[in-house]
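Here's a quick briefing to read with the structure open beside it. Have a look at the fold first, then work through the points below.

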Amino acid sequence: MEALQETGAAAHKVPRKKRKRFMQDTLAGYLFISPMLITATVLTIIPILLSGIISFTDWNFIAGLDTIKFIGFHNYLKMFSDDHFIRSLTNNFALIFVIPVSLFISLTLAVLINKATYFKSFFKVIYFMPFISSFVAIAVLWRVLFHPSSGPINEFLMSIGIHNPPTWLADPSFSLISVMIIMVWAGIGFEMIIFMAGLQNIPGDLYEAADIDGASKIRQFFTVTIPMLSPTTFFLLITGIVGSFKVFDLIMILTNGGPAGSTSVIVFYLYEVAFIQLKSGYASAIGITLLVLILAITVVQWIGQKRWVNY
Amino acid sequence: MSSLRISRVIVTLLMSAAGIMFIMPFLWMLSASFKPELDVLTYPIQWIPKTWNAAENYREVWFGALPFSLYYLNTIKITLLTTVFSLIISSMAAYGFSKISFRGRDLLFIVILATFMIPSQAILVPQFMMYRWLGLFDSHTGLVLLGGSSVIGTFLLRQFYMSIHNEIIESARIDGANHLTIFVRITLPLVKSALATVMILRFIWTWNDYQNPLIFLRSDKLFTLQLGMTKFSDVNGEFYSLMMAGAVSAILPLLIIFIIGQKHVIEGVASGSVKG
């Protein structure tokens with residue numbers, strides 16, 4: 001109502017009106033963003049600052065604030081000599097290999113489905129199935145499929161003449177590969193959908209020009225499709241690698257970090273240190289290290305993007 | 001032309017073979033959930049059960065030793081509340097960040113966006129402590145609050161708000177409408193499809209969330225489906241038919257929602273990332 005009267009006011013009031021409108025906008029702006037701002041501050045920003053402080057202490061959060069003891073950088077130094085941490089970190093780096101493999105498969109699928117097949121939306125639903133399923137359901141399912149003696153996968157391998165198939169999740173030297181197979185399978189659908197959207201944005205005349213120049217379909221794939229998709233690929237690479245550092249549910253339910261720590265990853269180890277060993281200080285230091293690691297990867301990739309992304 | 005059509009048919013057939021291999025795990029899960037326990041691991045795999053035990057399996061899951069139906073209700077409640085709460089917060093914030101100009105707006109948006117980089121595990125300890133102090137630990141309210149502040153939802157919706165012309169808002173303001181009226185009457189209807197995307201995605205993510213319920217719930221009667229399923233597999237670890245029936249029950253609602261809203265999910269996921 002007030003605003004209505006305001007606009008009806010005489011012309012000489014304009015400067016004051018403007019100022020008043022500016023005040024109104026500022027007030028309205030803050031009111032609109034305040035729910036988001038408050039929840040983000042309370043639930044994310046304050047906690048990450050607290051995490052930073054706690055990471056310099058030796059403390060068990062159950063014991064109460066008066067037992068807190070500041071120990072400087074000790075927690076950070078401890079990580080270098082903590083075998084379990086180093087193992088988890090190495091596993092995380094190994095998991096990065098999932099991303100190029102699944103990107104390659106999903107790109108191939110996207111191109112084939114986009115160019116050459118009927119029933120497009122049917123295929124989309126099929127490959128998207130793991131995306132809508134929870135990691136709990138996926139882990140529960142694959143634990144049975146990978147069952148060492150009587151699981152369907154090994155039964156199949158034995159029936160085609162492989163007498164000593166790997167015991168997958170039960171074998172420390174195969175468990176991480178098993179986790180990676182599941183991650184590739186679960187990630188393909190999302191990446192494929194994004195690639196298909198990217199393919200839609202490539203102008204058709206590029207292919208027509210290539211046709212006129214006599215380039216084969218395969219040649220066109222490498223000289224037109226791949227360069228034109230580089231921003232999409234790059235986006236998927238960043239989100240994929242950052243995402244691979246946050247895989248928690250799958251590890252927790254599938255292997256619980258085992259056997260013998262062979263599938264432990266940083267976030268899983270962090271959970272163990274924080275909520276089972278109850279070392280809040282050390283867990284926070286691991287959390288901050290993880291954050292720094294993710295930031296570093298992102299920065300490196302942004303720099304790399306300028307090098308090889310072709311717009 | 002006909003050779004082109006033949007090659008399309010061949011590729012479709014090859015793709016179908018690949019597609020069937022890809023969803024085989026799900027087919028196996030469905031088929032196992034219908035079988036008596038003894039037939040689950042027989043080989044060659046009976047894709048269509050010889051003996052059906054579907055009714056017994058699902059009855060045992062739903063009304064057996066564990067309160068699976070209670071977990072289901074809890075999950076529905078948490079998911080619906082989180083989705084509504086998060087839609088309200090993110091659509092308001094997205095409007096504020098794109099259609100109102102005020103000092104500090106862009107800086108605040110960058111700060112909010114930056115929080116997305118923080119891995120949720122890095123803040124679990126302080127969150128856990130705060131929740132205990134605030135009395136939000138072991139409550140559904142706490143979980144809803146955690147899932148409600150969605151950076152990615154805000155980001156996606158802001159992209160869509162930016163495509164609405166400022167002239168529409170300007171002329172509405174000259175006609176005397178305030179921001180609340182413009183937000184509710186004019187812009188919300190214009191971003192309906194984006195809202196549907198964010199809604200479905202948030203629904204799927206909350207429904208499937210395991211980590212937050214694991215950390216922030218303690219009482220059995222508050223458990224969600226995902227927590228219940230792990231508990232279920234601890235109790236019935238050797239009963240694969242029952243575990244698969246549980247997993248099918250957990251996935252089915254999402255599959256239905258996904259098939260209905262397929263267009264929104266796929267387009268939303270794609271547009272948010274390709275544009276962003």
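Which residues on the other side of α11(A) are exposed? They are A:Ile218, A:Arg219 and A:Phe222. Bear in mind throughout that this is a predicted model. We'll start with that helix, then go through each chain as a whole, and finish with a handful of individual residues.

**Helix α11 of chain A**

- This helix covers residues 217-228 of chain A, and its buried residues are A:Gln220, A:Phe221, A:Val224 and A:Thr225.
- Looking down the axis of α11(A), you'll find the buried residues within an arc of 120°, so they line one face of the helix.

**Chain A overall**

- Chain A is built from 15 helices and two strands.
- Its radius of gyration is 27 Å, whereas a compact globule of 311 residues would have one near 19 Å.
- Along the principal axes, the C-alpha atoms of chain A fill a box of roughly 95 × 75 × 35 Å.
- Buried residues account for 50% of the 311 in chain A.
- Among contacts in chain A with a separation of 6 or more, 66% are between residues 24 or more positions apart.
- Chain A has an accessible surface of about 14900 Å², and carbon and sulfur atoms supply 70% of that.
- On the charge side, chain A carries 20 positive and 16 negative charges, with mean positions 12 Å apart.

**Chain B overall**

- The box filled by the C-alpha atoms of chain B is roughly 70 × 70 × 30 Å, taken along the principal axes.
- Of the 276 residues in chain B, 57% are buried.
- Take the contacts in chain B with a separation of 6 or more, and 71% of them come from residues 24 or more positions apart.
- About 12500 Å² of chain B is accessible surface, with 69% of it belonging to carbon and sulfur atoms.
- Chain B has 20 positive and 14 negative side chains, and 8 Å separates the centres of the two sets.

- Helix α6 of chain B runs over residues 140-148, and seven of its nine residues are buried, so the rest of the structure largely encloses it.
- The buried residues of α6(B) are B:His140, B:Gly142, B:Leu143, B:Val144, B:Leu146, B:Gly147 and B:Gly148.
- B:Asp138 sits in the loop between α5 (124-134) and α6 of chain B.
- The phi of B:Asp138 is positive, at about 60°, although this residue is not a glycine.
- For context, most residues other than glycine have a negative phi.

- With a relative accessible area of 10%, A:Trp168 is buried.
- A:Thr232 belongs to helix α12 (residues 230-244) of chain A, and its relative accessibility of 9% makes it buried.
- Beyond its neighbours within four places in sequence, A:Thr232 is in contact with A:Ile194, A:Phe195 and A:Gly198.
- A:Leu50 is part of helix α2 (residues 14-54) of chain A, and at 26% relative accessibility it counts as partly exposed.
- Setting aside neighbours within four places in sequence, A:Leu50 is in contact with B:Pro126 and B:Met130.

How values were computed:
Residues are numbered from 1 along each chain as its sequence is written. Chains are lettered from A and ligands numbered from 1 in the order in which they are written. This is a predicted model: local features need pLDDT of at least 70, side-chain atom pairs count only at pLDDT 80 or more; totals for chains, interfaces and linings use all residues. Side-chain values use heavy atoms; hydrogens and water are left out. Buried means under 20% relative accessible area, exposed over 50%, partly exposed in between (1.4 Å probe, protein chains only). Helices (H or I, at least four residues) and strands (E, at least two) are DSSP runs, numbered from the N terminus. The arc is that of the directions from the helix axis to the C-beta atoms. Contact means heavy atoms within 4.5 Å. Accessible areas come from the Shrake-Rupley method with a 1.4 Å probe; for residues, only the protein chains shown count as cover. Lys and Arg count as positive and Asp and Glu as negative; His and the chain ends are not counted. The place of a charge is taken as NZ of Lys, CZ of Arg, CG of Asp or CD of Glu. The radius of gyration is taken over C-alpha atoms; the globule rule is 2.2 Å times the number of residues to the power 0.38.
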